[in-house]
Amino acid sequence: MEERPGADEAVTNVLVALADPTRRRLLDLLAAQRGATATMLADGLPVTRQAVVKHLAVLDAAGLVSGSRVGREVRYTVRPAALDATARWMATLATEWDRRLATIKRVAEAAEREAGPTRPD
């Protein structure tokens with residue numbers, strides 16, 4: 001699987017960020033609302049605004065969200081490129097495993113044919 005330099009680290013950062021259920025919920029909320037402030041997001045979660053800000057910082061560092069200042073507030077939106085890159089990596093990984101499993105199946109079927117029919121004891 002050929003990857004461009006830094007792609008492995010980017011995928012790792014996305015997977016680490018998505019490992020937390022609160023961060024996944026934040027992404028869901030942001031996608032549904034097409035952007036929101038930390039205060040708006042905290043209203044829909046059982047965590048403080050400060051905790052939301054910390055989670056958003058992790059999502060931002062992974063390239064999953066971006067914040068832009070609107071007056072005194074920071075409005076966050078989803079950045080799909082990092083998710084797309086991770087999905088492509090996962091699809092490539094799945095294809096590789098499918099290929100490996102198909103090879104194992106072919107080898108096992110060939111070995112079974114060579115062994116011939118088995119007799120019950």
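Here is a short chat about a predicted model and the labels put on its parts.

Me: What makes the chain more spread out than a compact globule?

Reply: Start with the layout: five helices and three strands, in the order α-α-β-α-α-β-β-α. The radius of gyration is 23 Å, while the globule rule gives 14 Å for 121 residues, so the chain counts as more spread out than a compact globule. The C-alpha trace spans about 80 × 35 × 20 Å along its principal axes.

Me: How do you know that Arg-100 lies over the face of Trp-97?

Reply: Check the distance to the ring centre: 5.0 Å for this pair. The cut-off is 6 Å, with the charge also within 35 degrees of the ring normal. Arg-100 is therefore listed as lying over the Trp-97 face.

Me: Why are β2 and β3 called paired strands?

Reply: Pairing takes at least two bridges. Strand β2 (residues 65-70) and β3 have six, so they pair, and they run antiparallel.

Me: What share of the residues is called buried?

Reply: Buried means under 20% relative accessible area, and 23% of the 121 residues fall in that class. The chain exposes about 8700 Å², with carbon and sulfur atoms supplying 55% of that area.

Key
Residues are numbered from 1 along each chain as its sequence is written. This is a predicted model: local features need pLDDT of at least 70, side-chain atom pairs count only at pLDDT 80 or more; totals for chains, interfaces and linings use all residues. Side-chain values use heavy atoms; hydrogens and water are left out. Helices (H or I, at least four residues) and strands (E, at least two) are DSSP runs, numbered from the N terminus. The radius of gyration is taken over C-alpha atoms; the globule rule is 2.2 Å times the number of residues to the power 0.38. Buried means under 20% relative accessible area, exposed over 50%, partly exposed in between (1.4 Å probe, protein chains only). Accessible areas come from the Shrake-Rupley method with a 1.4 Å probe; for residues, only the protein chains shown count as cover.
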